[in-house]
Amino acid sequence: MTIEDITKCTEHPLTLIVELMKCAKEKGKKYTVKVPHGSVPLNLLMEYAKRYGVSVDASSDGEYAKYIFSPR
């Protein structure tokens, strides 16, 4: 999933990302999301990952930050 323009989101991208973390934990699947750099604070992202028991792989993909969530 790619969020290209966060101004068009009705919710903050972090809200969507937290839902994907929950799905990764509950369904045992891997989820990937790309968001514009700086739109999601990494420290909050890691706190939620710890809370929901998922691992996060973060990388840069041009002007986007790419996050992969998978169950531990």
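**Ground rules.** I worked with a predicted model, in which local features need pLDDT of at least 70, side-chain atom pairs count only at pLDDT 80 or more, and totals for chains, interfaces and linings use all residues. I number residues from 1 along each chain as its sequence is written, and side-chain values use heavy atoms, with hydrogens and water left out.

**Fold.** I looked up the secondary structure of the protein chain and found two helices and three strands. Helices (H or I, at least four residues) and strands (E, at least two) are DSSP runs, numbered from the N terminus. From the N terminus on, the order is α-β-α-β-β. I then checked burial: 33% of the 72 residues are buried. Buried means under 20% relative accessible area, exposed means over 50%, and partly exposed lies in between (1.4 Å probe, protein chains only). Residues 24 or more positions apart account for 65% of them.

**Helix pair.** Next I took helix α1 (residues 13-27) and helix α2 (residues 42-52). Their axes come within 10 Å and cross at roughly 25°. Axes are lines fitted to C-alpha atoms, for helices over the stretch in contact, and angles run from 0 to 180 degrees between N-to-C directions. I therefore noted α1 and α2 as roughly parallel to each other. Angles under 35 degrees count as roughly parallel, over 145 as roughly antiparallel, 65 to 115 as roughly perpendicular and the rest as oblique.

Which residues of α1 and α2 meet? From α1 I listed Leu 14, Ile 17, Val 18, Met 21, Lys 22 and Lys 25.

**Aromatic pairs.** I found two in the structure. Tyr 48 and Tyr 52 have ring centres 6.3 Å apart and planes at 5°, so I logged the pair as stacked. Rings of Phe, Tyr and Trp (its six-membered ring) pair if their centres lie within 6.5 Å; planes under 30 degrees apart count as stacked, over 60 as edge-to-face and the rest as tilted. Both tyrosines lie in α2, four residues apart, about one turn of the helix. Tyr 48 is partly exposed at 23% relative accessibility. Tyr 52 is also partly exposed, at 23%.

Tyr 67 and Phe 69 form a stacked pair, 6.5 Å centre to centre with 20° between the planes. Tyr 67 is buried at 6%, and Phe 69 is buried at 0%.

**Strand β3.** I placed Phe 69 in strand β3. Not counting residues up to four places away in sequence, Phe 69 touches residues including Ile 17, Leu 20, Met 21, Leu 45 and Val 56. Phe 69 and Ala 49 are 20 residues apart in sequence and 8.3 Å apart in space, C-alpha to C-alpha.

Ser 70 lies in β3 (residues 64-71). Is Ser 70 buried or exposed? I read 17% relative accessibility, which counts as buried. Leaving aside neighbours within four places in sequence, Ser 70 is in contact with Lys 29, Lys 30, Val 54 and Ser 55.

Note on methods. Contact = heavy atoms within 4.5 Å.
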